[in-house]
Amino acid sequence: MPRIADPRARIDLLRAAEAIFAENGLAAAKVEDITIRAGVSKGAFYLHFKSKQDCFRQIVEGVVARLASCVEGGRFDVCPPAESLEVLLESRLAHVVELLEFCWQNRGILGMILTGGGGTPYAYLIDAFTDRIERQSETWLRHSVEVGLYRDDIEPAICARLIAGTHERLVREIIKQPRRPDIEGWARQAQDLLTRGLFSVAASAVVDRTVTKNREREEGPREPRSRAKAG
């Protein structure tokens, strides 16, 4: 009677394999190292995977699928009135932070994919993912131009590629860091740089008022200059 694969063992093997691949690379990783860390036999490994390459492929596909799920979670068809721009910006920022946080948590595997990982032929998955981000960004940009949020002289297709390139470089920098960086701070800087060049005159005026209001609230009321000098 054929042996039945245990789904729990598969989960343990995938977790162990991800750690081993991240630590040693695909070429140096051994099936035995994976099974020892997972606490199962080699036989159990081959019940679920044809080889370590097959195991790595499944891990990569799972990471990219979850990455895509993070991207698809954002709404790109709703644009609030100008008075609600602060809400929009914070919502978009939270979405980007979630995406970058996921990349940090999966930096070992993503690093292998982006750098080739000793010959791992899966960079095309990231290229396909980048294409998806570009298409999604272009849709958002066109919609934002139509409703007057963004300038009407921009080229959405080009801007979408610039935005995708910015976030790809941000991901590459984040996963290289030895310690968790200020992901929200980095994302906010990227957002400020990108949106400042895209906003229409009316939208920029609203954002400027919001920034000034927030700064005054953080700093508190200032003493009159004459009183400050007298003190």
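## The buried side of H2

In helix H2, the residues Val-31, Ile-34, Thr-35 and Ala-38 are buried, that is, under 20% relative accessible area with a 1.4 Å probe on protein chains only. They lie on the same side of H2 because they cover an arc of only 95° around the axis, the arc being that of the directions from the helix axis to the C-beta atoms. Just after H2, Gly-39 has a positive phi of about 75°.

## Basis of the model

The model is predicted, so local features need pLDDT of at least 70 and side-chain atom pairs count only at pLDDT 80 or more, whereas totals for chains, interfaces and linings use all residues. Residues are numbered from 1 along each chain as its sequence is written, and side-chain values use heavy atoms, with hydrogens and water left out.

## The chain as a whole

The protein chain contains eleven helices and zero strands; helices (H or I, at least four residues) and strands (E, at least two) are DSSP runs numbered from the N terminus. Of the 231 residues in the protein chain, 41% are buried. Among contacts in the protein chain with a separation of 6 or more, 69% are accounted for by residues 24 or more positions apart, where contact means heavy atoms within 4.5 Å.

## H1 against H2

Two packed helices are described by the angle between their axes and the distance between the axes. Helix H1 (residues 7-28) packs with H2 (residues 31-38) at an angle of about 130°, their axes 8 Å apart. Axes are lines fitted to C-alpha atoms over the stretch in contact, and angles run from 0 to 180 degrees between N-to-C directions. The crossing of H1 and H2 is right-handed, meaning that the near helix is turned clockwise from the far one by less than a right angle.

Residues of H1 in this contact include Leu-13, Ala-16 and Ile-20, and those of H2 include Ile-34, Thr-35 and Ala-38.

## H1 against H6

H1 also packs with helix H6 (residues 107-115), at an angle of about 40° and with the axes 8 Å apart. H1 is therefore oblique to H6, and their crossing is left-handed. Glu-18, Phe-21, Ala-22, Gly-25 and Leu-26 of H1 make the contact with Gly-108, Ile-109 and Met-112 of H6.

Note on methods. Buried means under 20% relative accessible area, exposed over 50%, partly exposed in between (1.4 Å probe, protein chains only). Angles under 35 degrees count as roughly parallel, over 145 as roughly antiparallel, 65 to 115 as roughly perpendicular and the rest as oblique.
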